[in-house]
Amino acid sequence: MEIEVHRRFVIITGALLVLLLLTWVGMAVSPREATGRWLLLTPQRRAVLQYLRWCQHWTDSLVRLQDDLDALTLADSQSAASATDLYRRAQRAQKALETALDLQRDAERVRVPAPMVGVHQLVTASAQAFPAWAEAVTA
């Protein structure tokens with residue numbers, strides 16, 4: 001007894017399996033909203049999402065810089081310390097100033113999508129305030 005399978009049936013079955021595999025891979029790697037629905041990434045939406053990821057990274061860096069500057073400001077307001085402690089504080093203040101200037105340069109260089117111009121104005125204002133604060137601590 002011999003079972004005969006038509007070539008057309010094998011090709012259609014193979015194509016359906018490949019299509020099913022591609023659908024599964026697409027669903028697994030596609031970005032989703034908070035509610036779990038899939039996002040359609042247009043070029044503009046992708047640019048906004050990249051900008052928001054950059055803003056999150058930039059904000060985290062500013063928080064670390066703010067903590068450093070707060071510690072330096074608090075140390076300056078306390079009583080005078082030894083020369084080695086003063087030297088260490090001056091090095092930390094200089095490093096904080098360099099970090100603030102780097103963050104400011106990054107804020108000026110980033111490509112801003114049209115819907116995020118208002119947010120970028122806030123970012124730029126913050127970027128300009130931190131080097132001034134770091135220079136005041138250094139002085």
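A nonpolar core is a set of buried Ala, Val, Leu, Ile, Met, Phe, Trp, Tyr and Cys residues joined through side-chain atoms within 4.5 Å. The structure described here is a predicted model.

**The nonpolar core**

In this model the largest nonpolar core has 21 residues. The residues with the most contacts inside this core are W54, W58, L65, L69 and V123. Three helices, α2, α3 and α4, each supply at least two residues of this core. Helix α2 gives the largest share, nine residues.

What is V123 in contact with, leaving aside its neighbours within four places in sequence? The partners of V123 are Y51, W54, C55, W58 and A107. Two of these partners, W54 and W58, are also named with V123 among the core residues with the most contacts.

**Aromatic residues**

How many aromatic pairs does a search of the whole structure find? The search finds three aromatic pairs. A pair of aromatic rings is described by the distance of the centres and the angle of the planes. For F130 and W133, the ring centres are 5.8 Å apart and the planes stand at 50°. Planes under 30 degrees apart count as stacked and those over 60 as edge-to-face, with the rest counted as tilted. The pair of F130 and W133 is therefore tilted, because its angle is 50°.

Both F130 and W133 lie in helix α4, which covers residues 117-138. The two residues are three residues apart, about one turn of the helix. F130 counts as buried, at 13% relative accessibility, whereas W133 counts as partly exposed, at 26%.

Y51, W54 and W58 form one aromatic cluster. V123 is in contact with each of Y51, W54 and W58.

**The largest pocket**

The largest pocket holds about 160 Å³ of space. Its lining consists of S61, R64, L65, D68, L72, R92, K95, A96 and T99. Which helices each supply at least two residues of this lining? They are α2, residues 43-77, and α3, residues 83-109. The largest share of the lining, five residues, comes from α2. By type, the lining divides into three nonpolar, two polar and four charged residues.

L65 belongs to the lining of the largest pocket, and L65 is also one of the residues with the most contacts inside the largest nonpolar core. T99, another lining residue, lies in helix α3. The relative accessible area of T99 is 31%, so T99 is partly exposed.

**Burial of single residues**

The boundaries are under 20% for buried and over 50% for exposed, with partly exposed in between.

| Residue | Relative accessible area | Class |
|---|---|---|
| F130 | 13% | buried |
| Q104 | 17% | buried |
| W133 | 26% | partly exposed |
| D85 | 26% | partly exposed |
| T99 | 31% | partly exposed |
| R45 | 37% | partly exposed |

Is Q104 buried or exposed? Q104 is buried, because its relative accessible area is 17% and the buried class is under 20%. Q104 lies in helix α3. Apart from neighbours within four places in sequence, Q104 is in contact with A127, Q128 and P131.

R45 lies in helix α2. Leaving aside neighbours within four places in sequence, R45 is in contact with E33, L39 and L40.

**Distances along the chain and in space**

R45 and L72 are 27 residues apart along the chain, and their C-alpha atoms are separated by 40 Å. D85, in helix α3, is 34 residues from Y51 in sequence and 40 Å from Y51 in space, C-alpha to C-alpha. For T99 and Y87, 12 residues apart along the chain, the C-alpha atoms are separated by 18 Å.

Definitions and conventions. Residues are numbered from 1 along each chain as its sequence is written. This is a predicted model: local features need pLDDT of at least 70, side-chain atom pairs count only at pLDDT 80 or more; totals for chains, interfaces and linings use all residues. Side-chain values use heavy atoms; hydrogens and water are left out. On a 1 Å grid over the protein atoms alone, a cavity is a set of points where a 1.4 Å probe fits but cannot get out, and a pocket is an open set with protein on both sides within 12 Å along at least five of seven lines; lining residues have an atom within 4 Å of a point. Grid points are joined across faces, edges and corners, and a volume is the space filled by probe spheres set on the points. Helices (H or I, at least four residues) and strands (E, at least two) are DSSP runs, numbered from the N terminus. Ala, Val, Leu, Ile, Met, Phe, Trp, Tyr, Cys and Pro count as nonpolar, Asp, Glu, Lys and Arg as charged, and the others, Gly among them, as polar. Buried means under 20% relative accessible area, exposed over 50%, partly exposed in between (1.4 Å probe, protein chains only). Contact means heavy atoms within 4.5 Å. Rings of Phe, Tyr and Trp (its six-membered ring) pair if their centres lie within 6.5 Å; planes under 30 degrees apart count as stacked, over 60 as edge-to-face and the rest as tilted.
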